[in-house]
Protein chains: 2
Amino acid sequence: MSRDFRQLLEAQWEQGKFLCVGLDSDFEKIPEAARQAGVGETILAFNRAIIDATRDLVCAYKPNSAFYEAHGDEGWKALRATIQYINDTAPDVPVILDAKRADIGNTNNGYVASAFNHLHADAITVHPYMGGESIKEFLARKEKGIFVMCKNSNPGSGEFQDLEVDGQPIYIHVARAFAEKWNTNNNCGLVVGATYPADIKRVREATPEMPLLIPGIGVQGGDLEQSVKNGKDAHGRGFILSTGRVILYASNGSGFAEAARKKTTELDSAIRAAL
Amino acid sequence: MSRDFRQLLEAQWEQGKFLCVGLDSDFEKIPEAARQAGVGETILAFNRAIIDATRDLVCAYKPNSAFYEAHGDEGWKALRATIQYINDTAPDVPVILDAKRADIGNTNNGYVASAFNHLHADAITVHPYMGGESIKEFLARKEKGIFVMCKNSNPGSGEFQDLEVDGQPIYIHVARAFAEKWNTNNNCGLVVGATYPADIKRVREATPEMPLLIPGIGVQGGDLEQSVKNGKDAHGRGFILSTGRVILYASNGSGFAEAARKKTTELDSAIRAAL
């Protein structure tokens, strides 16, 4: 039976789960207690411990490809093995590959094959700069989730995203284009940073039905309560709140996994309270 | 002695070389004559043959990461070995990794490490959507070339890139921002598609000094002569014209490498004539 990202996500939301753990596993920051002989084994062992400690609390996992690519082949193997581990031990939890890809035309087939056929992710993040036409190959995979970057969480994201055309910022043009023109398979979502809760509100108003992936709570200082209030849809769902470092590195001692679980529970409770 | 992308490129331009071969090596299209036992070995053998046949004619090679990532670890190994082969056999020819990356803040360090420390590329292509601040980590590598996507060659690239703000399209805002604000290490260039020669002109006028990477001649139908005329700087240099498929798949017979050389020579002559 084939997995369907949207169905997996809806089932998580049904259980009141909206928190995503960003598996941004920075080798340098991994606690001694998780260390193995090699870099790849260390990252995988750390991820397994984090997954074991959090899998019943989260709606998704989001490994960021950069932290794995940093280590070449070994990193790629650790990324594939991490996704495999999630699929094996938490088959109801979808995996969003935060790879921020996008090329032109059928060149994208390579990225599609990598993310979905090789790594077995359920969803991916993509850049919109080259237009919706440029990411048709991603959107054509109906059973996958395609999260288009809309308003990013970084301090300088407004440089081009906030430029106004016809009274609306570019990020709203992006949101509308993907909601109204390119989402013919109903598998498209948007990335909007928790560091800009007012912008989340504008995106939600412009696209009442799109799933929003909201990174930036935690170390980046995004506002959890406002992100939930502004990001939820008319049914009180429709969003994924993602955080990495505050969970992954909640402790650098031997109890890092328990500390990660404690922090995950706190954030889950905070989201439920904000709803 | 450390390699410097800009110096390598200037030395190629000094010799009148402006053509870049895009190593977009699609496994399915590789001629029988280059086939080996494995996928990775086949791609590498094909690339070696193309490199052997063209290295004295080109100013750069540009492998597109997607075609390698499509094959997982094996693809990554072929990519790394391809760049190694260029460095070994044509050390004066810089390698532009067409990876179209960009994430936020220090997450980019993973991509920087992958492209430059692990794969040993001399330059990379990046997405500007999240603002210049988001790619500081790339630009901080002074000895590397960072090509920012400006106006892409695909049919739908204008969807957001052509939106006008204060009388100028977004792609001109991107060009200016990188020329005037973010290029403090003088290692930044712009990608402008040969399919839009009038836009190349506008970008060249807005940024007289920036190196322009111009893909899209060949199968995409870009205009070589107009691209050269509009893309060259005041010194009759400053551009890289890139093409892949018309060279790589010039023949699918056992003479594919000779056919690739013939096509490369033709294009090199056409560029010289256009100058």
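Which strand of chain B does strand 5 (residues 145-151) of chain B pair with, and over how many bridges? Strand 5 of chain B pairs with strand 8 (residues 188-192) of chain B, in the parallel sense, over 5 bridges. Strands here are DSSP runs of E of at least two residues, helices are runs of H or I of at least four, and both are numbered from the N terminus. Two strands pair if DSSP finds at least two bridges between them. One bridge joins B:M149 to B:V191 in strand 8 of chain B.

Before I go on, this is a predicted model: local features need pLDDT of at least 70, side-chain atom pairs count only at pLDDT 80 or more, and totals for chains, interfaces and linings use all residues. Residues are numbered from 1 along each chain as its sequence is written, and chains are lettered from A and ligands numbered from 1 in the order in which they are written.

Now the sheet of chain B. It is an open sheet of 8 strands in the order 2-1-10-9-8-5-4-3, with parallel pairing. Strand 2 (60-63) and strand 3 of chain B are the edge strands, each pairing on one side only. Neighbouring strands are turned by 30° against each other on average, direction ignored. Helix 12 (residues 256-274) of chain B packs on this sheet, touching strand 1 (19-23) and strand 10 (239-243), and makes about 145° with the direction of strand 1 of chain B. Contact means that C-beta atoms, placed from the backbone, lie within 7 Å. Axes are lines fitted to C-alpha atoms, for helices over the stretch in contact, and angles run from 0 to 180 degrees between N-to-C directions.

B:K100 is buried, because 27 other C-beta atoms lie within 10 Å; the cut-offs are 20 or more for buried, 12 or fewer for exposed, and partly exposed in between, with C-beta atoms placed from the backbone.

A:D166 also has a positive phi, about 50°, and is not a glycine. A:D166 lies in the loop between strand 6 and strand 7 (168-169) of chain A. A:D166 counts as exposed, because it has 9 C-beta neighbours inside 10 Å.

On to the core. The largest nonpolar core has 176 residues, and B:V148 and A:V148 are among those with the most contacts inside it. A core is a set of buried Ala, Val, Leu, Ile, Met, Phe, Trp, Tyr and Cys residues joined through C-beta atoms within 7 Å. Leaving out residues up to four places away in sequence, B:V148 touches residues including B:V126, B:F178 and B:L190.

Last, the two chains together. The same surface serves both: 100% of the contact residues of chain A recur in chain B. Each side is listed separately, with 49 residues from chain A and 49 residues from chain B. Helix 5 of chain A gives the most to the side of chain A that touches chain B, with 7 residues.

Technical notes
Contact = placed C-beta atoms within 7 Å.
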